[in-house]
There are 2 protein chains.
Amino acid sequence: MKMRDIAAAADLSPANLYNYFKGKHELLFFCQDNSLDRMLTALRTARSAKASGAEKLRLVIESHLRCVLDDVEGSAAHLLTSNLPAHLQRPLIAKRDRYEEGVRQLIATGIQSGEFVACDAALATRAILGALNWSVRWFSPEGPLSASQIAEEFSYFLIRGLMPKPSAFRRRGSARKLSREVGGVIPRAIGTQTSSD
Amino acid sequence: MKMRDIAAAADLSPANLYNYFKGKHELLFFCQDNSLDRMLTALRTARSAKASGAEKLRLVIESHLRCVLDDVEGSAAHLLTSNLPAHLQRPLIAKRDRYEEGVRQLIATGIQSGEFVACDAALATRAILGALNWSVRWFSPEGPLSASQIAEEFSYFLIRGLMPKPSAFRRRGSARKLSREVGGVIPRAIGTQTSSD
């Protein structure tokens, strides 16, 4: 991806973009750093909420998907991975680790209290974050589903996997009729590659 | 990644590798194609097995993870994504779509029979495949968990999310003590980037 494309995606002129950033690396770093900051803030908010572990996890899943699917920074960050020099990548990896560790603690707390089933909190965290992060590969803003519809369905499926008696756990908009139950248009295939450069 | 590195990973001399492949693109295509063929075969085997939908899905999850984590082709294929010219990428995308559609049908059949909860089969498929594919980013062969241990835990968590009464669904090695219940060393962080070129 070129600065020109990024400028188009962000609705800025390339010249304008160069006013703010020295180059592609600085822009990419800013996007990823910004995206991670918002995810960490959402995680903190969720963890301090007066809510069940399941509801806290729902908040985290929703904000994570909003961050990577709805926001220019998030999308750009995920399209342009692995192109950063080490000194820019290092602090980002540290933030990602901190985020992952926070989600793991949220799940571990739920396991300890008995709200969640006995399972490997670190692996459950990775399964969940993997499902969320991979969505960048197949999501299309022109597709039939919005980020929040995907968040609702993903939360339902992923959090159920942790509940001893998940029948009590419902979708937030549980009145919504599931007419697309067995259907679902596939706008872009899983694994459809997005050119990273 | 360079041919030299691939040769090292595959335990071949670079000269040997060039005997078989004209270049990096051909090798990458071969890896991805081979990997997808094995995943499609495993999917067919699972779907025709005399087993519940949950057990069929477990077989798919296990073979998918084995394919992307254990095999040189699978790992190489995932490390080197998006570098192929369109004429090589197109048939791979078609195969990936076919695989994704097969997993979706497996889940849709389970929903229709009532074995699985009413949910969006296409999105559940994507959540599951996302969790599986993302594992390539954090899995380390030197880490504390083997691909099959990860498969066991991922199956447990992901399939539970689909079951109306998941308490009946157990890990395959359910006698195994879950001593790592809330622990779990994190060998490599989610999102740790692997250089793609």
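Predicted model: local features only at pLDDT ≥ 70, side-chain atom pairs only at ≥ 80, totals over all residues.
Two residues are in contact here if their C-beta atoms, placed from the backbone, lie within 7 Å. Chain A has 8 helices and 0 strands, and 41% of its 197 residues count as buried.

**The nonpolar core**

- The largest nonpolar core holds 84 residues, and of these A:F154 and B:F154 touch the most other members.
- Leaving aside residues up to four places away in sequence, A:F154 touches A:I61, A:L65, A:A131 and A:L132, and also B:L123 and B:A127 of chain B.

- Because 17 of its 18 residues are buried, helix 7 of chain A is largely enclosed by the rest of the structure.
- Helix 6 of chain A, residues 86-113, packs with helix 7 of chain A at an angle of about 125°, and their axes are 9 Å apart; the two helices are therefore oblique to each other, and their crossing is right-handed.
- On the side of helix 6 of chain A, the residues that meet helix 7 of chain A are A:E100, A:V103, A:R104, A:I107, A:A108 and A:I111, while helix 7 of chain A contributes A:A121, A:A122, A:A124, A:T125 and A:L129.

**Helix 8 of chain A with helix 7 of chain B**

- Helix 8 of chain A passes helix 7 of chain B in a right-handed crossing, and the contact is made by A:I150, A:E153, A:F154, A:F157 and A:L158 of helix 8 of chain A together with B:L123, B:A124 and B:A127 of helix 7 of chain B.

**Helix 4 of chain B**

- Helix 4 of chain B, residues 53-70, has 18 residues and reaches 25 Å from its first C-alpha to its last, which is close to the 26 Å expected at 1.5 Å a residue.
- The buried residues of helix 4 of chain B include B:R58, B:I61 and B:E62, as well as B:G53, B:K56, B:L57 and B:V60.
- Helix 4 of chain B packs with helix 6 of chain B, residues 86-113, at an angle of about 160°, with their axes 10 Å apart; these two helices are therefore roughly antiparallel to each other, and their crossing is left-handed.
- In this packing, B:G53, B:K56, B:L57 and B:V60 of helix 4 of chain B meet B:V103, B:L106, B:T109 and B:G110 of helix 6 of chain B.

- B:S155 lies in helix 8 of chain B, residues 147-160, and B:S155 is buried because 23 other C-beta atoms lie within 10 Å, where 20 or more are needed.
- Not counting residues up to four places away in sequence, B:S155 touches B:R58, B:I61 and B:E62, which are among the buried residues of helix 4 of chain B.
- B:S155 and B:R171 are 16 residues apart in sequence, and the distance between them in space is 7.7 Å, C-alpha to C-alpha.

Methods:
Residues numbered from 1 in each chain as written. Chains lettered and ligands numbered in written order. Core = buried A, V, L, I, M, F, W, Y, C linked by C-beta atoms within 7 Å. Buried ≥ 20, exposed ≤ 12 C-beta atoms within 10 Å, placed from the backbone. Helix = DSSP H or I, 4+ residues; strand = E, 2+ residues; numbered from the N terminus. Expected span 1.5 Å × (residues − 1). Axes fitted to C-alpha atoms, helices over the stretch in contact; angles between N-to-C directions. Parallel < 35°, antiparallel > 145°, perpendicular 65-115°, else oblique. Left-handed = near helix turned anticlockwise from the far one by under 90°.
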